[in-house]
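Look over the sequence and structure first.

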Amino acid sequence: MNLTLKVWRQSGPKDSGQFETHLIEEVSEDSSFLEMMDQLNEQLLENGIEPIAFDHDCREGICGMCSLTINGFAHGPEDSTTTCQLHMRKFNDGDIITIEPFRARAFPVVRDLVVDRSSFDKIIQAGGFISARTGSAPDGNAIPIPKEDADKAMDAAACIGCGACVASCKNASAMLFTSAKAGHLNLLPQGQAEKDARVLNMVKTMDESGFGNCRNYGECSAACPKDISLDYIAKLNRDHAKAKIKNLFS
Amino acid sequence: MKLDSKIPEGPIAEKWDNHRFSSKLVNPANKRKFNIIVVGSGLAGGAAAATLGELGYNVDCFCYQDTPRRAHSIAAQGGINAAKNYQNDGDSIHRLFYDTVKGGDFRSREANVHRLAQISVNIIDQCVAQGVPFAREYGGLLANRSFGGAQVSRTFYARGQTGQQLLLGAYSSLSRQIAAGQVKMHTRHEMLDLIVVDGHAKGIITRNLANGEHRAWTADAVLLCTGGYGNAYYLSTNAVGCNVTAAFRAYRQGAGFANPCYTQIHPTCIPVSGDHQSKLTLMSESLRNDGRVWVPLDRENCDKDPNDIEEELRDYYLERKYPSFGNLAPRDISSRSAKEACDDGRGVGQGGRGVYLDFGDAISRLGESTIRERYGNLFQMYERITGENAYKRPMRIYPAIHYTMGGLWVDYNLMTTVPGCFALGEANFSDHGANRLGASALMQGLSDGYFVIPYTIGDYLASTGAGVLSPDSPEVKESLDKVKGRIDQLTSIKGKRSARSYHKKLGQIMWEYAGMARNEKGLNKAIGEIQDLRDDFNKELMVPGSGDRLNVELERAGRVKDFLDFGELLCRDALERKESCGGHFREEFQTAEGEATRDDENFAHAAVWEYQGREKIPKRHKEELYFDNVKLAVRSYK
Amino acid sequence: MFTSSLGKKYLMALTGLVLIGFVFVHMAGNLQVFAGQAQINSYAHSLQSLPWFVLWGSRLFLLASIMIHAWTAYSLIVENRKARPNKNDVEVTKRAGWSSLRMGLTGTIILAFVVFHLLHFTIRSIYPEYAEMTTTVGSPAGEEIHDAFSMIIAGFKHEFISVFYVVAMFLLCRHLAHGFSSVFQSLGLRSEAWEKKLNLVSFAYAWLIFAGFSVVPLSVLIQKHGIFQFYDPSFFSS
């Protein structure tokens with residue numbers, strides 16, 4: 001198939017950036033979106049033009065490194081799909097495709113379509129862990145965990161930290177990410193000891209990183225390649241309120 | 001090059017305890033005087049950085065991705081082995097040890113493997129404590145499943161995302177240490193050289209991928225946790241960014257490289273669909289628990305709809321050839337059988353390079369919902385890539401390069417032949433011999449990172465004392481200039497061909513001549529073709545833009561350059577190993593039935609390559625392997 | 001407690017909940033107009049005769065809720081604009097509907113409506129003559145009381161005003177459709193298990209409020225134009 005690509009180019013963090021239009025021919029419908037981008041870059045190289053920078057790594061939908069806003073949708077229009085798993089058979093010959101970086105103040109552009117998502121790491125560093133010293137662990141079966149709880153924790157833990165939730169949110173809120181990470185640990189018995197501090201610190205860091213506020217649209221969950229549920233946001237809201245109230249009395 | 005494996009004295013089961021007792025310790029108050037560099041943030045690197053930080057060392061950790069949580073350990077699907085015997089089915093540390101040595105086709109070091117089996121139980125405990133949401137039974141206890149190459153159920157898993165969950169566990173511990181200031185994390189940094197002073201590793205040179213800045217980092221020890229070299233084949237299940245550069249630079253600086261020819265081909269990957277392909281996607285081996293592998297009995301039926309091929313016209317070749325292990329035969333054997341079937345003209349799908357993995361029986365036995373619960377995400381992934389529904393139509397699979405057992409040679413302490421330079425996880429060669437069993441890679445990465453290096457590094461540091469090189473010293477400057485020179489060289493060729501085109505070509509050569517089956521003629525041919533390709537690369541490479549900012553083509557060119565050199569080394573090793581074992585199958589050495597023939601008399605050793613300088617053939621050393629606890633036997637899964 | 005992003009959400013939810021409750025009570029009060037002049041006048045009079053601290057306490061409480069709700073919303077909007085300074089070339093949504101995306105717009109119009117409504121029927125400064133309307137009908141002790149019934153009929157005889165009321169109530173309905181279920185989400189009292197039920201209740205509540213409020217001005221207009229008779233025709237004779 002032949003396509004017209006309208007791609008965001010930005011030479012560096014300080015550049016204001018603009019769109020560039022490229023035509024690409026003979027794209028296989030079996031190729032992934034990123035393989036189509038590879039093909040475009042090879043084409044640019046042949047003409048001596050520097051290729052378009054974009055983040056990618058595992059190309060099997062798990063590392064969370066790929067991003068891209070495709071026709072306005074984070075990771076493209078398909079549900080439950082990362083950009084690397086989006087295949088060109090979902091597009092039609094002659095389509096015009098707009099490709100932009102994930103846009104948010106907390107995700108500054110590094111170059112072209114590459115953005116800096118280190119604010120997510122800071123949220124984790126604020127409390128997205130269980131303090132378990134290596135070597136100090138009791139036997140794995142010492143605490144039985146109901147299957148249902150383990151499954152729910154796993155649903156949240158499936159988050160790949162790609163940032164599509166932020167990119168798809170009109171307010172660039174990181175609530176789905178933060179709530180999934182906090183929710184995973186807060187659902188497990190091992191996570192109870194640090195639960196209140198975790199929730200308060202993660203939310204504080206999230207606020208300080210320049211993300212917007214959750215307005216309960218649900219766009220984040222709709223864009224999430226791992227289908228993380230809005231329930232985790234509700235749970236974070238609840239856990240945060242409880243922790244705040246407990247703090248008032250202690 | 002002297003290869004002293006430093007295997008501790010005593011009976012196999014006591015070696016690790018004896019060693020821990022006899023190793024020197026670093027006083028808690030002195031730990032903060034030592035700086036340690038960890039390159040890579042996967043299971044091995046992440047676990048090591050977190051644990052060493054926790055112990056009080058100053059750690060600098062580097063990764064090329066934008067965050068440590070993206071390392072390719074994240075893509076491991078199936079699970080992690082541990083000799084917990086929670087299933088009461090006869091498992092034990094000794095059995096895991098035995099299975100791993102046998103699975104490795106008797107080409108691993110017994111003492112290391114036994115330690116791995118011992119530590120496996122601690123890993124599960126540690127990960128549970130971190131909040132890794134392993135699958136559970138209704139009673140709330142940990143669930144297990146069985147995996148290739150074992151007759152007990154000892155694999156712990158978190159849906160089809162075990163690697164992701166274990167990595168997130170390590171990443172969360174690492175994050176805690178970053179917050180505590182014990183670990184400084186440097187993302188989007190690629191290691192481009194190892195600084196060696198007076199024979200000791202004293203630091204690394206990195207390029208900041210985001211802004212092109214080169215910098216030297218000095219330390220008391222350097223840990224390379226940089227994964228495998230599967231991408232030498234261009235198409236593999238590795239992440240696109242995985243590369244051999246760090247390990248190869250260490251090799252150039254004097255670290256011996258062991259058994260590069262041991263590459264694992266994973267039997268269950270989605271077949272190649274065309275020239276555009278940039279990577280191959282693995283479908284977890286756990287699928288073989290419920291799926292049955294077959295090809296049509298007759299070549300004429302290859303293009304037929306598989307559902308229309310009657311039962312008696314199907315050849316369930318694994319069940320036929322290996323009745324006791326059946327579809328769970330080890331990876332090398334399953335892969336080679338698939339190749340044989342396709343070479344026989346009975347392959348299915350595009351180009352006849354595929355076999356069926358059929359869930360029809362399992363679905364009628366257990367119901368679609370059970371299968372969906374077990375493998376739902378894998379079926380979904382398959383559908384996304386191929387556009388086919390595997391609940392209704394058998395999956396098509398084909399082997400692909402997946403894991404590399406070879407790596408930097410390390411002694412029992414995980415130290416390479418360059419003192420102070422350690423290699424952990426897939427980057428070293430130690431535990432899997434010539435073939436790795438499923439669900440053992442995660443085990444090894446975490447074992448090395450959480451439980452081995454914290455002890456063994458102390459022994460090295462305590463005996464050398466703290467003493468970080470000044471960043472202004474001439475050795476550092478020289479190293480830095482050398483790296484900058486290499487970068488300038490790449491950008492100044494100004495030819496016409498992209499680095500990717502060379503990488504693709506290299507991959508074709510490697511897969512053709514050093515893939516699932518190798519022979520002398522092919523390997524010699526491969527070496528010649530790689531040399532020609534490298535010459536062409538040095539004349540015709542095009543890298544647009546400059547090195548002073550984010551430049552993806554420059555990154556790729558540097559990696560491809562090392563792959564070109566490394567590919568030759570791999571072929572050379574394959575050429576010299578005149579036997580078939582595990583992932584290394586030489587067509588000259590097989591039985592009449594096509595089974596691999598090992599040569600224990602001449603090749604029961606690890607081959608360790610020592611760099612001799614440009615244009616010179618590297619020198620091959622041997623570390624003899626001794627099998628005192630597992631009897632050398634023909635590896636049979638019949 | 002209320003300084004973090006989540007704290008602001010709690011404020012929005014709690015004040016929203018107060019207002020959700022208030023509109024229901026208000027609507028129930030309004031519907032008494034159909035029971036005739038005596039009923040609604042006596043109800044209005046009983047409210048006016050509450051002890052001053054109860055009356056003014058409630059008024060201040062409601063006023064504070066409105067102001068906090070509006071001010072927090074405003075500050076959230078400002079923060080959110082800052083959080084996403086660059087818009088996409090293509091702005092699309094997968095799940096969010098018009099009501100949830102336009103809370104700021106609907107909220108602002110509703111706020112303007114509330115101000116108008118207070119001037120119209122409570123402070124009665126737009127038509128000062130409303131304040132002069134008195135009667136003994138519905139009076140508990142037979143003294144002259146304010147004639148709420150006549151004021152309502154007179155007020156809604158103006159087509160423009162009635163249409164404005166109905167439009168404002170429609171926007172309130174849209175505001176509630178998202179706001180009602182949002183209260184539960186923001187306070188962490190929602191789960192996927194009863195998300196559907198909650199959304200249904202939210203939907204039903206929003207339309208109930210719309211219908212309950214709009215039926216009063218609409219009934220007046222309908223009778224004015226002689227389509228159907230709801231009230232004593234003598235109030236329409238002038």
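Predicted model: local features only at pLDDT ≥ 70, side-chain atom pairs only at ≥ 80, totals over all residues.

A search of the whole structure finds 15 cavities of 30 Å³ or more. Chain A has two domains, and chain A makes contacts with chain C and with chain B.

**Largest cavity**

- Rolling a probe the size of a water molecule over the atoms shows where empty space is left.
- The lining of the largest cavity takes in 50 residues.
- Nearest the centre of the largest cavity are B:His72, B:Ser73, B:Gly227, B:Gly228 and B:Glu426.
- Two or more lining residues come from each of these elements of chain B: α3 (43–55), β6 (189–197), α7 (245–252), β15 (395–404) and α12 (441–464).
- By class, the lining of the largest cavity has 24 polar, 20 nonpolar and six charged residues.

**Second largest cavity**

- The second largest cavity has a volume of about 400 Å³.
- Its lining is made of 24 residues.
- A:His56 is among the residues nearest the centre of the second largest cavity, along with B:Gly241, B:Glu555, B:Arg556 and B:Arg559.
- In chain B, α14 (499–514) and α16 (552–576) each give at least two residues to the lining of the second largest cavity.
- Which element gives the most to this lining? α16(B) does, with five residues.
- The lining of the second largest cavity divides into eleven nonpolar, eight charged and five polar residues.

**Domains of chain A**

- Domain 1 of chain A spans 3–110, and domain 2 of chain A spans 117–248.
- The C-alpha centres of domain 1 and domain 2 of chain A are 29 Å apart.
- In this contact, 21 residues of domain 1 of chain A meet 21 residues of domain 2 of chain A.
- About 1,400 Å² is buried between domain 1 and domain 2 of chain A, with 58% of it on carbon and sulfur atoms.
- On the domain 1 side, A:Ser80, A:Ala106 and A:Phe107 lose the most area to domain 2 of chain A. Together they account for 36% of what that side buries.
- How many salt bridges are counted between domain 1 of chain A and domain 2 of chain A? The count is one.
- A:Arg117 pairs with A:Asp55 in a salt bridge, with the closest N and O atoms 3.5 Å apart.

**Chain A with chain B**

- The contact between chain A and chain B takes 73 residues from chain A and 76 residues from chain B.
- Chain A and chain B bury about 6,200 Å² between them. Carbon and sulfur atoms carry 51% of that area.
- Nine salt bridges are counted between chain A and chain B.
- A:Arg117, which pairs with A:Asp55 within chain A, also meets B:Asp66 in a salt bridge, at 3.3 Å from N to O.

**Chain A with chain C**

- Chain C gives 37 residues to its contact with chain A, and chain A gives 50 residues.
- The area buried between chain C and chain A is about 3,700 Å². Carbon and sulfur atoms give 49% of it.
- Three salt bridges are counted between chain C and chain A.
- A:Asp79 and C:Lys94 form a salt bridge, their closest N and O atoms 3.1 Å apart.

Notes
Residues numbered from 1 in each chain as written. Chains lettered and ligands numbered in written order. Heavy atoms only, no water. 1 Å grid on protein atoms, 1.4 Å probe; cavity = no way out; pocket = protein on both sides within 12 Å on 5 of 7 lines; lining within 4 Å. Points joined across faces, edges and corners; volume = space filled by probe spheres on them. Helix = DSSP H or I, 4+ residues; strand = E, 2+ residues; numbered from the N terminus. Nonpolar A, V, L, I, M, F, W, Y, C, P; charged D, E, K, R; others polar. Domains from an automatic or database assignment. Contact = heavy atoms within 4.5 Å. Buried area = accessible area lost by both parts, 1.4 Å probe. Salt bridge = Lys/Arg side-chain N within 4 Å of Asp/Glu carboxyl O.
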